Amino acid sequence: MQFVKLTIDNKPVEVPVGTTIYKAAKKLGIDIPVLCYMNLEHMGIENKPAGCRICVVEVEGRKNLAPSCSTNVTEGMVVRTNTMRVLNARRTVLEFLLSDHPKDCLICPKSGRCELQDLAIKLGVRKIHNEEIAEMSTYKKDFSPSIIRDLDKCVMCRRCETMCNDVQTVGTLSAINRGFMSAVAPAFEMDLIKSTCTYCGQCVAVCPTGALTEVDHTPELVRALADPKKVVVVQTAPAVRAALGEEFGMPAGTLVTGKMVAALRRLGFDYVFDTDFAADLTILEEGTELLDRLTKHLNGQPTKLPILTSCCPGWVNFFEQQFPDLLDIPSTARSPQQMFGAIAKTYFADKIGVKREDMVVVSIMPCLAKKYECQRDEFKTDGNPDVDFSISTRELAHLIKEANMDLNNMPDEDFDNPLGESTGAGVIFGATGGVIEAACRTAYEVYTGKKLDKVDFEQLRGLEGIRAAEVDFNGFKVKIGIAHGLGNARKLLEDIRKGKSEFHAIEIMACPGGCVGGGGQPLHHGNSEILAKRAAALYREDANKPIRKSHENPMIIELYEKFLGKPMSHKAHELLHTHYHDRSPKIKIKD
Amino acid sequence: MAKYSMHLLVCGGTGCRSAHSAKITENFKNELDASNLSETIQVIETGCFGFCEKGPIVKIMPDNTFYTQVKPEDIKEIVAEHLIKGRKVTRLLYIDPEKKEKIEDSKHMGFYRKQLRIALRNCGFIDPENIDEYIAREGYEALGRCLAEMTPQDVINIVKESGLRGRGGGGFPTGLKWEFASKYQADQKYVVCNADEGDPGAFMDRSILEGDPHSVIEAMAICGYAIGATKGLVYIRAEYPLAIKRLQIAIKQAREYGLLGKNILGSNFEFDIELRYGAGAFVCGEETALIHSMEGLRGEPTVKPPFPAESGYWGKPTNVNNVETFANIPVIILKGGKWFRSIGTEKSPGTKVFALAGKINNVGLIEVPMGITLREVIFEIGGGIKDGKKFKAVQTGGPSGGCLTEKHLDTPIEFDTLIAAGSMMGSGGMIVMDEDDCMVAVAKFYLEFTVEESCGKCAPCRIGNKRLHETLEKICKGNGTREDIELLQNMSRVIKDTALCGLGQTSPNPVLSTIDNFWDEYIEHVDQKKCRAGVCKDLMQYVIRAENCVGCTACARVCPVGAISGERKSVHKIDPAICIKCGACIEKCKFDAIFIQ
């Protein structure tokens, strides 16, 4: 590797050829402020349109200031990051940005976590000149089931565009209009609900301001909790427990399962259950479907392979819109969130003698697409949804704080029964590769009739975007593919479309990292180390569970015995399976 | 081939065409047919003559008679008198504005005397839709010479030696640009012609493409040979239908003659050209934005480096030159780099085409050697200021150039002197202003353009220009303060210093240069709330001249807002706080008692 020597603020530094000034400065401990820049190191993707011009620095011999995020160092370069000229430019440009930004910070959902606000604090802008005549670029607000777009707050950092196009290859968001009125939006400024948006929420996760936020369901939740007529049941997704602590100052990867349960109970939920229970249930349904298709395949009967997992609602939206020709390939099993809702409002409601309409099922999810999923018509009985509403990890953290509680001070408590009982297999659903590992644990034992020597399938774990592994089912080598991030999913799907796929089963998660990196999680700013730590926490919880295989969950066994019969039974189909629709965009162009 | 004793050159440029020059051509043909002259006299529709102010132009060869402002109904007379009887139609001749004499030959006209036409060498001489006419004027000889006698490096060396600098605005040495592109190895390279001419009032490139499309095609092929590219693209705005049509015809003809395609002129060299249409965004003249637009992406610039020479169209090495730059190439190859260097100045060799516009007598397209002074261009070629008014400023370099004044009139025109004077060459727009122009309003006008044309990618250009415009508007409305002028200066400097591309880096030039050169006018606007040019409406006041007012009450009765008060037969008064400056009172007053202050 070739190296380049330069000085930044009079300090010498040596960095590899091709390094940017910004990164070279970082090496010296000089933190140049940025706004639009975002580095998704683990994906090899950088968002650096060099549009905000906040990171400008002075380079000796250059006539104008250089954007440090996108200017590579050269030998002997002399860089200054804090001269009068630089500071004035930075502050003036920030003043420009603030002059075209609403000043409702006190009531903005991003307040306190807004990068523009942080910059305003750091650079100390105290006045916006001629504010009274400064026109603002305004747009209509867009309310979708999951995401709110308030483009008045868009600073054109284009991070959402990078997530939507380069990472997820969904292609919903791109720059529209020009000049002062430019913003990032779906084509023709259509609403998200009419677009190909999957609600994966990765755009929300990276938006530096309040331009993209999640739909907040906490007020409805508080109303339900306060209603004495309602029995409020909560389920918590696996990835939540591995990230919620970050919102309370705990280091990434801290497991807060017990504290979270305690907090939820104190918030007034009548039953605190675990989505992991439903994850175990998913394994029995999906695992059975997998074995069914594999057996048919081995017997030479007509069947569809590979089977694709279907627990991720962002992913379901993606294939319904972009791969309508492949709708018969994914498993028909509903997601754990919906399986939970269906069981809670039938089996459990009967058990405790509560009418369906008096029960409110809430889910705590690392995900924004879940908000959309629980509103789908397929998951309603007489208009009453199986899951009433879904709130994100971030919203839960808010609610706990609002209720004057600190997660740090909570005792560890256990989930309620029966829907709180889960195995280690359910927990790892939250990390990429976890679903298929859980499925393997059960499918292996059912298929071979043998006990697994080693429950951990380490070949299925990791953060590589696309992974392939073989699992030996007593001589039959099951070929498994794993993709996380819809861009990676697209590659595997294109192969299937072309008939080139050799996999028997594929796990797909819409968000990079799986649910631990979901759009509703505490903001990780593209830092893959945080994702790895959250995933490690889930594997730790798995390892510490007394039962680690879904089919051994006693409450699941009881559920089948008393209520469902067996996996893929008629009743199971009715409550736990779904069907998919062709939702590809139908654009008619006038002749 | 028929031998003609006479040629009638009718201007077929967009300007003359919109004044019915096509009808003139048609009438000529009909009249010649009727008089049995079509065998001996040929009518040719040419490209632009440049003297658009006096169009439509008809030039009669070989006697060089130059008819101006010809109407379709004049043709009968020209044929009967000039062509048949040999008597010139003197009423259609150009009248020298100073000597008031009629001038027959364009050579003796002030407009043409100081011009030197290299890029425009064929405009107004040949039929742009006939490749034979181009070939007859040494067309494609340069390409032939390159392929037969020269290595690609030889070609680059000649261009380098000529010192030709990019005519699109940047002024980057063309030969060096070609050399960069030639150094990068790739399976495919591209030559791109930037015909996205976007400066308001500029039509240099359009005229070249309309008048001499083959010169650009030939030059692109030469460039392709020099840098190792087999594909050429012309990025042209869709609003140039005539230029597009003529380019399409020219490309088709060149292919038929084997001057484009495989094995050009029997060599192994292959080159072909396609057109790409722009939707008219100004920023797409910036080469990275242009390339993105050609790729079907949003027309937005990206950070350089990487330069297009390394990674351009579809990530391949790409050389982008402007139309006028290309038009110079074939002549440079034929006459040599030294010859080109002998024209113009040391640092800016050659000529430059300018579009003269504004308050000037001779509006039109001119080509002059570099180093000529602004005074020569404005007063000799341009014929001075319209209606005998006083010269105030000249804006060079398009909307992002600066306004130069009286004190710059003797500055020689070249890339670096214009920048030193606070303006720039740009693509060659030149707009002349007189005493009736308010310089604050002029700056505001240009900012309006850049606000409209900013792509919105970078914050200083997207928002900063808007704020500049608003502050200028505040001053024009009479609400400005001295602090606002300082604010304008600081915002302008920061925008120049931080904007992503050339558009934003130069957009504050009109503000800074007008503040520098017309400080007094700004101060008048903010301190005395006065606009000396009478342009800023909000700073005007309607006042009653007491000595003329007889108290007839006519004004008070007509005033729609009741701003005028006064007893019958006594002097009336206008309340400026109520007055809406509609002018009804002035119109009504029979005693010349109301005036604008």
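Student: What should I know before reading the numbers?
Tutor: This is a predicted model, where local features need pLDDT of at least 70 and side-chain atom pairs count only at pLDDT 80 or more, while totals for chains, interfaces and linings use all residues. Residues are numbered from 1 along each chain as its sequence is written, with chains lettered from A and ligands numbered from 1 in the order in which they are written.

Student: Which residues have the most contacts inside the largest nonpolar core?
Tutor: Val233(A), Val216(B), Met220(B) and Ile222(B), in a core of 351 residues. Such a core is a set of buried Ala, Val, Leu, Ile, Met, Phe, Trp, Tyr and Cys residues joined through C-beta atoms within 7 Å; buried means 20 or more other C-beta atoms within 10 Å of the residue's own, with C-beta atoms placed from the backbone.

Student: Which helix gives the largest share of this core?
Tutor: Helix H10 (residues 213-227) of chain B, with ten residues. Helices here are DSSP runs of H or I, at least four residues, and strands are runs of E, at least two, numbered from the N terminus.

Student: New topic. How many residues does the contact take from each chain?
Tutor: 29 residues from chain B and 30 residues from chain A. Contact means C-beta atoms, placed from the backbone, within 7 Å.

Student: Which helix gives the most on the chain B side?
Tutor: H18(B), with ten residues.

Student: And the sheet in chain A, what is its order?
Tutor: E8-E9-E12, open and antiparallel. Strands pair if DSSP finds at least two bridges between them.

Student: Why is one side of E8 and E12 left without a neighbour?
Tutor: Strand E8 (142-143) and strand E12 (212-214) of chain A stand at the edges, each with a single partner strand.

Terms used:
Buried ≥ 20, exposed ≤ 12 C-beta atoms within 10 Å, placed from the backbone. Contact = placed C-beta atoms within 7 Å.
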